[in-house]
Amino acid sequence: MNNNMPGQERTNEAVTYCQEFNKEDGWIQVTQQRIIVHDPVNGGKYATLTPLLPVKIKINNKEVLTKAKVSSTDSISWEIEEQPLYEITLSEDKLLACLYLVSKERHPWYLAEVRRETSVTLRAEMNKNIVLETVDLSQVVNKLDQMAIKADIDFAAIQQELLLPSHHPVIVAQGKAPIHGKDARLEIYFSQQLENQFFEVAGTINFRDHLRIPSVKEGEVMARKIPLVEGIPGYDVVGFVKAPSPPKDISVHVKSNVEITEDGTIIARKQGRPRMTGDKTKFFDISTSYVIPGNVDIETGNIVFSGDVIVQGDVTDNMTIESLGNVYIFGSVYNSAITATGSINIRGNIIASKLYSGYFGMFFSRLYHTSKLLCDSIERLLSASQLLVHTMEAKKQPLRYGQVILLLLENKMREIPDAIKELLIVLTHIQHIKQEDYENLKRISEIFIKPDQLLEIATYSFVQNFLTLLQDTYGEVARMQEEKAEISINQCHKSELKSKGDIVIHRDGVLLCDLLSARSITFRQDNSICRGSTLEAGDSISAGIVGGQTVANSVLKAQKRVHVRRLYSGRVCVGKYCKDLFEVVENITFDSFSMKRRV
């Protein structure tokens, strides 16, 4: 039930109509640098104010960055966000100081007049008829002085920018960059690889381009060390010295067959094959060659030699060749192991064999690990012996040093005698290679496993001497590996090849083999095959014909790229990307970019 009378309803409607008719929104007026705000009437909207840079406004002491409602009771203040007329910046290396002139003069700002508006954007205008501040030469120079810039100041450049502003950074002070030195380097005058090999051309062997082993004559210059050049210091604009990066030197040592002069010239003092080994420290030596005129078989026995090994026949079943140089085989290799610290070159077939180039052989690997193990153990033996001697002297129960060593070997360090027995076995096999070098080590090692002799002979200096011999042996074997070793073959079947350099296949190819190269694997002929094999290269692979219909697929892995002339099917990996291919592709190169798209 509605209690309102009809007359009352008409009265309410009239009041509402009057209120709507008299409703008025708030407004803002800007005049004479003042902001006047008028409040809304009868429910109208409040006026809004928006700052436009460089004007900044605060409403009730709080900065406002965007549109804000305002009333007549609000406290509104404004200011101009002034930019510096100029800046002086330093380059990251502090070799340059630059002047950036924003404006030569500063002028006053005034609020733009605004009539009554419900929404006002507060703008400021510059009065260029009045100059408040002018940048001059003295101001810039004083600023440079405050920044402690001590380099020669280019007053002319400053004045030019002030007269004809470019409004771009201008160099006003400049230090002197250091001149970096040059690293020491080696000029090598001998080939570290084979210069030629036998090749068949149209079914005929070209005997003129035959296998040649690099060699030098007595008195021939092998290499020359170019000394480092020291750098020249510089300075920055604030006066600090900028030191050049120190140049790197190369440590060069020569063996008995080589001489190095004061000016760094390295001269051969014996005819033979020149060798350079080592990484940070370079060692030069002259290797002689061991030539087997026929086959390596049960009659010759296994070959372990400190220089190059040249086999003019075959290497028969279950034989081993270990060379502290290169291995050259003119025949084939059957079910055998060939290890060289240098390169391996085989002209015939390789069947069911293992070839390791740039690696230690079996005995030298044992010598390397055993001598390293004994170095650590003998160092602990020396420390423990001194501690025990001091303890017994403090108790006034002195012991002979030999007794101290025997007590420790029998109770605390029982692994040392076993390691020395292992060392003696290795030395027995390779002593004929370096008889003079290892004779002293062998003699002292034998004393350590004879308690009666050790009791009488052992002193601290005796054990220290043994440690020094072990350290020299370990270091020498570590330096035996050559820097640019490679395996060079014509064909192989069911074999394993590992090279710390390249692997090069010159003719027929590989079948059911595993090839691992620290650098590249290259098939020289387009029709060389790779079937049922796994190839892995630290750099790149360049292959001829990969895969076929009747054998297992091949896997080609490289860090940088894989190129094939024809691939029937197989798996290709470049870097972290792999792709299985089941269709024939020809003359294609896979790299990280193309593999990423394929994957």
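1. C578 is partly exposed, with a relative accessible area of 30%; partly exposed covers the range between buried, under 20% relative accessible area, and exposed, over 50% (1.4 Å probe, protein chains only). The model is predicted: local features need pLDDT of at least 70 and side-chain atom pairs count only at pLDDT 80 or more, while totals for chains, interfaces and linings use all residues. Residues are numbered from 1 along each chain as its sequence is written, and side-chain values use heavy atoms, with hydrogens and water left out.

2. C578 forms a disulfide with C573, the sulfur atoms being 2.2 Å apart; a disulfide here is a pair of cysteine sulfur atoms within 2.5 Å. The count by this rule is one disulfide. The link of C573 and C578 is right-handed, with 115° about the S-S bond. C573 counts as buried, at 3% relative accessibility.

3. What keeps C492 from a bond with C513? The sulfur of C492 is 3.3 Å from that of C513, the closest cysteine sulfur, and this is too far for a bond. C492 is buried at 4% relative accessibility. Another cysteine, C98, is also buried, with a relative accessible area of 15%.

4. Strand 41 covers residues 514-517; helices (H or I, at least four residues) and strands (E, at least two) are DSSP runs, numbered from the N terminus. In a regular strand the side chains alternate between the two faces of the sheet.

5. Strand 39 (residues 496-499) runs parallel to strand 41 and is joined to it by four bridges. S517 is the bridge partner of S499. Strand 44 (residues 534-537) also pairs with strand 41 in the parallel sense, over four bridges. In strand 44, E536 stands opposite L516.

6. There are 16 salt bridges, a salt bridge being a side-chain nitrogen of Lys or Arg within 4 Å of a carboxyl oxygen of Asp or Glu. In one of them, D376 and K372 meet at 3.2 Å, N to O. D376 and K372 are four residues apart in helix 4 (residues 362-394), so about one helical turn separates them. D376 is partly exposed at 36% relative accessibility, and K372 is partly exposed at 30%. Salt bridges that share partners also join E82, R106 and E133 into one network.

7. R106 is buried at 16% relative accessible area, while E133 is partly exposed at 31%.

8. K225 and D249 form a salt bridge at 3.0 Å, N to O. K225 lies in strand 20 (residues 221-226) and D249 in the loop between strand 22 (241-242) and strand 23 (251-254), so the pair ties together parts that are 24 residues apart in sequence. K225 is buried at 19% relative accessibility, whereas D249 is partly exposed at 48%.

Methods: Pairing = 2+ DSSP bridges.
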